[in-house]
Amino acid sequence: MRKFISTMLFGVLFVFAANAQSQGVVKGKVSDGDSTNSISGVVITVEGTTIKQITDESGNFTLSNVPTGSQLVNIQVEGYKVQVFPVTVGENSTVDLGTIFMYKDVTVQDDLSVISLSEDQLNDDEGGADNTAGLLQASRDVFSSTAAYEFSATFFRARGYNSENGKLLINGIEMNKIYNGRPQWGNWGGLNDVMRNQTLSNGLAPSEYTFGGIGGSNNVSMRASDMRQGGRVSYASSNRSYVGRVMASYSSGMNEKGWSYSVLASRRYGNEGYNDATLYDANSFFASVEKKINDSHSLNLTAFYAQNRRGKSSPNTQEAYDLKGTTYNAYWGYQDGNKRNSRVREIEEPVFMLNHYWDISDKTTLNTNVAYQTGKIGNSRLDYGGTSIVTDTTGNDFIIGGGSNPDPTYYQKLPSYFLRDINNPDYSNAYLADQNFRSDGQINWNSLYQANLTSTSLGGNSVYALYEDRNDDTQISMNTIFRTELNENIDLNASLSYRNLKSKNFANMLDLLGGNGYLNVDSFSESISEAQNDLSNPNRLVQEGEKYKYNFEIDANIIDAFAQAQFKYNKVDFYLAGKLSMTDYQRNGLYENGRFPGSRSFGKSEKVDFTNFSTKAGLTYKISGRHLLDFNAGYLTKAPSIRNTFSNSRENNDLVVGLTDEKITSFDASYIIRTPKIKGRLTGYYTKFEDATEISFFYADGISGINDNETAAFVQEVLTGVDKRNIGLELGIEYQITPTIKLKGAAAIGDYIYDSNPNLYLASDDFDTNIEFGESALKNYHVAGGPQRAVSVGFEYRDPNYWWFGATTNYFSNGYVDVAPITRTSNFSSDPTDGQIFNDYNPEIARELLAQEQFEDYFLVNAVGGKSWKIDNNYIGFFATIGNILNTKYKTGGFEQSRNANYRTLSEDKARDTPVFGSKYWHGYGTSYYLNVYYRF
């Protein structure tokens, strides 16, 4: 692949010399069809080329270097119907389109990203979703828009990429989190009206703002002058993530003194979404003001705050779903007659941006940006390890206490636990567990309070408490983006950026649940010294609002430099781009942990740094103005994220053993057709990921090599040298049968597999040194993460009287459960008592036990429609969607529990009618709706 990229670079230079031919010019003026006023900011492009221009204040445009022959000139601006003009360009001639009248599109399908892309999918940080659809929703490409709107409800990932493989920018500033490389979608939730000006680069395609990633890039402009003048008030109702949403926005447009502003406020709310007790409470505010100083300089100040508080829903075993249904959520219980969710995620991270735009000349621009973000992210959960210290008759102190697991799906509370002995099942208690779970099956908040009150009355501490895992991040970002047109054929782009993160991480006590304090120790440790979470403050009694368990800081710095050249000629366009980056991380432990005393947990860790280089190239060959061939190739290296750099950052300074850069090689080739009636793209792609690192946390049973013949522990599972291979095809096509009827279709056929047997080791405070298990036999297992194959067929009808309707049928297959790597190591066949292979080990049975579960195929039928009315120069309308009309039951994802870590425990569990530790799953929505009513003025 690397040789191919080098060959490609030489090839494009050869084509450059062969295609420097004469071209023509297309010019015109764009005006509003109702008022006849000129429209500035209209995007004019020649389809199938990189030729692009924005109309000036008088609405005029002139496109130079237009290839000779038949071409399609595309004219579009937010709020108006797109127009496409076929033209024939002669050599060295000028085509004057005259005045082009644009008519407002009052049937525009705004807010579809909210319709199909539920915010709980985008915000889930625990493995249920890592959705790339948010990067695609601005695309006019048929396949990409279908993937965003029709496929996203299934956790479908375009080309199998995670969202960390794409870049999301706002006003030119990268918004991907440094901690895990993913966009934090909740930071701008509820700002839909001011996020319509988006520039998407698909895949490796060039972007004027950033090098991007293999998953593309999307820049959202929040400049006040880019907002469509006018206001909008809307109300939305749904049964998905929130119940209601109210939003109001207004943009002034540029006045004679060069000032413009835009403001927005919205609220989203609901006591319960589609899943039980998934509360939603969010408020969003936005303001942007811009001053055009002169014809060359503009300053823009943007600030937005999107507070979001929502209840999470649990993954569950099939046993739990069979007893309670697919909307069941184990995280809540009744308290004083109200549903109280123990797992609540809260985001408050306001963003402030200052942007300077400098038009150095007609052909050269410099955009300099500074952003400041601060705030918190909290994820609450129950702690049931509350203890007290008592002194025995010899004067020695020891720890007593700790509660039972309050999770209603804890394995000892389900019927399968009482039936686990196949030879002697306990049917009586199994029946009682069945009836109790069916009639209740939720957290018993009253019992938690009662346990704490009882403990307090006996002189003890809280046994149960509610706390949150907190991340208080402060980040400063700055960059400068340069663009110049060297001549009629060559554009240069370059940028330099710096990001600094100071992240505070700690557990914060939220609610003592009626108790008088919570002892800051680890209840599972063998000695009081080892049990201390903070040796400097031993046996501290924690009160509400105080930090405990863990407390550390992460400092990170990233410097990026990017350069790109784009070449445009009669028969071919091509580009070359490169990026150099330097990254460093350092942990600073504020607690000295008793299980990891001294500098292993307290103070600054070793500073780890990475230097990375990436390059990409591509070309577009124009068979004609309507038929194109497009090729892109890239080789990227990137630093591991903070999450995958420290093996257990909450407790110690340990770095991952064998940590190295991740390498990505990617290639795609496309055939593109663009005619007045047919638009389509067929793409084949190949991507290879090498040397990735993955870390998981879980409780495992049946592990060999633990101290004192122990076989169970809470562990950190570290995988290094993880390779993956993604290969597949994408097809998107639409056919305009009549001016009002359009047929559209899309298909994704992918195959995403592990392509190596990575090394695996376990770390834990339960054993002195890491346990090395060598290779985990993951090669050729499928990578989990939504269906790998999807097909959509649908139609759209748009009536001249401003009403519209559409429907799609979507088919999904080849979804897989996420396999447990520990069961694919030598530990699986080893008897934990002596380390030897089990005497009853059967390789054939082992293969059956370790076969990857594939989810059933399924169909989803969706419909959308709306109506608009024009009243003077204002508009009122509504649109609605119904998702999964047939109420199909389907799984969007799942994972094997790693608790049964060896052959004997797993084979015993799978031999049961209902496994005690079966895989856990997420289910998709049943029939759901979204309704939006709006007034635009």
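**Exercise 1. Work out whether Ile-178 is buried or exposed, and find what surrounds it.**

Start with the number: in this predicted model, Ile-178 has 6% relative accessibility. The cut-off for buried is under 20%, so Ile-178 counts as buried.

Next, place Ile-178 in the fold. Ile-178 sits in the loop between β9 (173-174) and β10 (198-201).

Now look for partners, skipping neighbours within four places in sequence. Ile-178 is in contact with Gln-475, Arg-499, Leu-501, Ala-556, Ile-558, Tyr-585, Ser-641 and Ile-642.

Asn-436 is 258 residues from Ile-178 in sequence, and their C-alpha atoms are 45 Å apart.

**Exercise 2. Find the buried residues of helix α11 and say why they line one face.**

Step one is to list them: in α11 (residues 903-910), the buried ones are Tyr-903, Leu-906, Ser-907 and Asp-909.

Step two is to look down the axis. The buried residues of α11 fall within an arc of 160 degrees, so they line one face of the helix.

Last, check the N-terminal end of α11. Asn-902 caps it, with a side-chain oxygen 3.1 Å from the backbone nitrogen of Arg-904.

**Exercise 3. Pick out the residues that touch the most other members of the largest nonpolar core, then follow Val-715.**

This core has 29 residues, and those touching the most other members are Ile-703, Val-715, Leu-762, Phe-773, Ile-822 and Phe-828. Which elements give two or more residues to it? They are β36 (678-701), β37 (712-736), β38 (741-754), β39 (759-763), β40 (771-775), α10 and α11.

Zoom in on Val-715, again leaving out neighbours within four places in sequence. Its contacts include Ile-703 and Leu-762, along with Phe-697, Phe-698 and Phe-767.

There's also a second, separate core of 21 residues, which includes Leu-512, Tyr-518, Tyr-548 and Tyr-585.

**Exercise 4. Give the strand order of the four-stranded open sheet and name its edges.**

Read the order as β3-β2-β5-β6, with antiparallel pairing. The edges are β3 (52-54) and β6 (83-89), each pairing on one side only. From one strand to the next, the twist averages 20 degrees.

Note on methods. Residues are numbered from 1 along each chain as its sequence is written. This is a predicted model: local features need pLDDT of at least 70, side-chain atom pairs count only at pLDDT 80 or more; totals for chains, interfaces and linings use all residues. Side-chain values use heavy atoms; hydrogens and water are left out. Buried means under 20% relative accessible area, exposed over 50%, partly exposed in between (1.4 Å probe, protein chains only). The arc is that of the directions from the helix axis to the C-beta atoms. A polar contact is a pair of N or O atoms within 3.5 Å; within protein, one must be able to donate a hydrogen and the other to accept it, and residues adjacent in sequence count only if both atoms are side-chain atoms. A nonpolar core is a set of buried Ala, Val, Leu, Ile, Met, Phe, Trp, Tyr and Cys residues joined through side-chain atoms within 4.5 Å. Contact means heavy atoms within 4.5 Å. Two strands pair if DSSP finds at least two bridges between them. Axes are lines fitted to C-alpha atoms, for helices over the stretch in contact, and angles run from 0 to 180 degrees between N-to-C directions.
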